[in-house]
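Take a look at the model below.

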Amino acid sequence: MAKRTFSTLEIFLIFLLLLMTAITVGLLTLLFITSGVSEDNKGHGSLATQGPTTTHGSTTQGPPPTQRPPVTQAPSTTTTQSPPLFQNFSGYHIGVGRADCTGQVADIPLMGYAKSGQTAGGILTRLYSRAFLLAEPDASKRVVFVSVDIGMVSQRVRLEVLKRLQSKYGGLYTQENVVLSGTHTHSGPAGYFQYTIFVLSSGGFSKRTFEFIVDGIVKSIDMAHKNMKPGKVFVNKGNVEGAQINRSPYSYLQNPLSERDRYSANTDKEMLVLKMVDLNGEDLGMISWFAIHPVSMNNTNHLVNSDNVGYAAYMFEQEKNKGQLPGQGSFVAAFASSNLGDVSPNILGPHCINTGESCDNFNSSCPIGGSNMCMAAGPGKDMFDSTRIIGDIIYQKAKELYAAASQEILGPVSAAHQWVNMTDVTVQLNSTHTAKTCKPALGYSFAAGTIDGVGGLNFTQGAIEGDPFWDSIRDQILGEPSNETKDCHYPKPILLSTGEMSKPHPWHPEIVDVQIVTLGSLAIAAIPGELTTMSGRRLREAIQKEFETNGKQNMSVVTAGLCNVYTHYIATYEEYQVQRYEAASTIYGPHTLSAYIQLFRGLAKAIATDTVANLSQGPEPPFFSQLMLPLTPNQSDKPPENMTFGDVLQPAKPQYQQGEVAEVVFVGANPKNSAENLTDHTFLTVEKYENASAAWWTVQNDASWDTRFYWFKGSSGQSNVSIEWHIAGTTPPGLYRIRYFGHSRKQNILRPPDILAFQGTSASFWVVGP
């Protein structure tokens, strides 16, 4: 293999970068503190979308005639008592709940691409936790599935959620029957992890972000618990066309031809939908599982949002909760993740962004510029349009399947869970041969990134040899991987031997959750990572066969991704051999999938044979008490001279046509101040004047798809806020205005900071037809 050559300047800059990184890691090790630091003095309420009424002294309040009052953002329940339950019926007790978990939308990295400089600077849509509680008629057994608009569920989040549920409900909701699944949006805040590799990429541990996520999840479960009512569950399946491609087709081709011939595509096109209604047939909620990466918003984005699956949920909930603002209304729709590891929504495929030619090759590399120039594109004119297009395709299919769902799910509710040391699993490959999983390690191609988001350095996918230059830098700073780890991960060339790195805390988890919950003939396998397409197929088939072998026929199995703890990717053994990104990120070695298949078969057997009580709980995971400070300090906000916060810098035009964009720029303050100080907040409202009531009514907020809130950080504590309203073609003509709500911070030396609320209001303007 030909080695790359570097110029003297390149070598000097790379060495300087790595030296600074090493110094930073060393300093952070000295600076780590307890998770209760005063820097993150966030209030304990979850951020929630503002209702139809405006706040901060608005003279007109209450919903307009076309809106119903919000019902899903009620205060968290504090009772440990279950609501009275009617038991004489066929079906399940069903509870749904949705709570805001957006948190900080500025001065924090976004979680997913791990791109330097991709920090939050505003909001496109809010993030929600959506909980679904399903219990047998006598409520003796129940399960909870939660889909959260975050990159992935961290182990620390899961453990804290379980702790708080235990304090509220005793043994009613435990690690066995509660599933937490991340949607995998790459545009949510980072900072809620405890393992060092994620803490470093997040710029430290943010108690603020962590608390908002945990509070939102617990609040959504509280609401589902409180809202339980008798109902029925229906299931439907169908294929989604035109929304996905396989981003590592050369890896997929390594799987046996006989296996590939069983499938019509190199991605899973099937969507599974659960429809939940009460005994009168009134809609309660919907869960959809479909394999797609929420990366329509690319790594140039700085607005917090829930990406394509979030847009689908937004559309479904707006359809069912007519007249309500986003985040309000009783119907809850979740678009949950599945085996999305090698599945991209950027359906135009990879092209060299400098020349336009295709780079759909084994290394995803361009003749000029290498892998850094190879990027996939979505179907829209920009990433916002692509998000909308892909999200609408998903939404329309789910809507169709929901409307036609007629196959009722009946039968017992069950759950099985174990904690497993994934670094030490012996896998029975056949009757005579065994293999073992490995201590975690990341390969060279991990640093290359994918066609959805390149790594930024001169690494390429498909690397099966290391590089002496990078090996030398790694060995001097972090230590050389042991021969045992090298041999275990072969043919992966190890870039980071994270399983052998423990300062200031372990870099990757050893203890991992494996879990299955069943609802009648449906089994939900909670996967602690990102399965590739073929990995998901093999795991589903193995679980289904295990159920059949033990007397449970006709079970449907769905893989829920990004659950409970994050362990990167899970590629097949054959895909692992060619070491593209997904394989290089399969951290427990080439037999990771086989280990999971073995473990999940054990859970399926225990459920089928009613021997769950005999399962070993396994070793409990750690909860680290000391984590590193966020790297971005708090700072006093300052308005320009002779101005105040909320003053208009750039006014709206007097008139806009439908389809145009209204923009107003205000004197702003850091949005994270608002995250700390309000439990129910929106940064903006679009309001319409109603002649009949002589009052202004809120018609859009910062959870609405048509609004965008940008924060631009200046110097010396000054900043501006730009609010855009993309006026839809269906917007009723009339008189409108845009309002901005914020909080300024004044740092004090010997006492807590002063946080002061303010607001700004644009001049009114007309919206007219074309």
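Which side chain does a polar contact of 3.2 Å join to that of His293? The partner is Glu530, and the contact runs from side chain to side chain. Keep in mind that this is a predicted model.

Start with where His293 sits. This residue belongs to the loop between β12 (283-289) and α7 (307-320). Is His293 buried or exposed? Its relative accessibility is 0%, and buried means under 20%, so His293 counts as buried.

Glu530 is joined to the side chain of His293. The His293 side chain also reaches a backbone atom, the oxygen of Leu340, at 2.7 Å. Now widen the view. Set aside the neighbours within four places in sequence, and His293 is in contact with His184, His186, Arg247, Asn308, Leu340, Gly341, Val343, Pro345, Glu530 and Tyr569. Leu340 and Glu530 are among them.

Next, turn to the helix pair. Helix α2 covers residues 155-169, and helix α4 covers residues 207-226. Their axes come within 10 Å and cross at roughly 40°. The crossing of α2 past α4 is right-handed.

Which residues meet here? From α2 come Arg156, Val157, Glu160, Val161, Arg164, Leu165, Lys168 and Tyr169. From α4 come Phe210, Glu211, Ile213, Val214, Asp215, Ile217, Val218, Ile221, Asp222 and His225. By class, this contact of α2 with α4 has 10 nonpolar, 7 charged and 1 polar residues.

Notes. Residues numbered from 1 in each chain as written. Predicted model: local features only at pLDDT ≥ 70, side-chain atom pairs only at ≥ 80, totals over all residues. Heavy atoms only, no water. Axes fitted to C-alpha atoms, helices over the stretch in contact; angles between N-to-C directions. Helix = DSSP H or I, 4+ residues; strand = E, 2+ residues; numbered from the N terminus. Left-handed = near helix turned anticlockwise from the far one by under 90°. Contact = heavy atoms within 4.5 Å. Nonpolar A, V, L, I, M, F, W, Y, C, P; charged D, E, K, R; others polar. Buried < 20%, exposed > 50% of the residue type's maximum accessible area, 1.4 Å probe, protein only. Polar contact = N/O pair within 3.5 Å; in protein donor to acceptor, adjacent residues only side chain to side chain.
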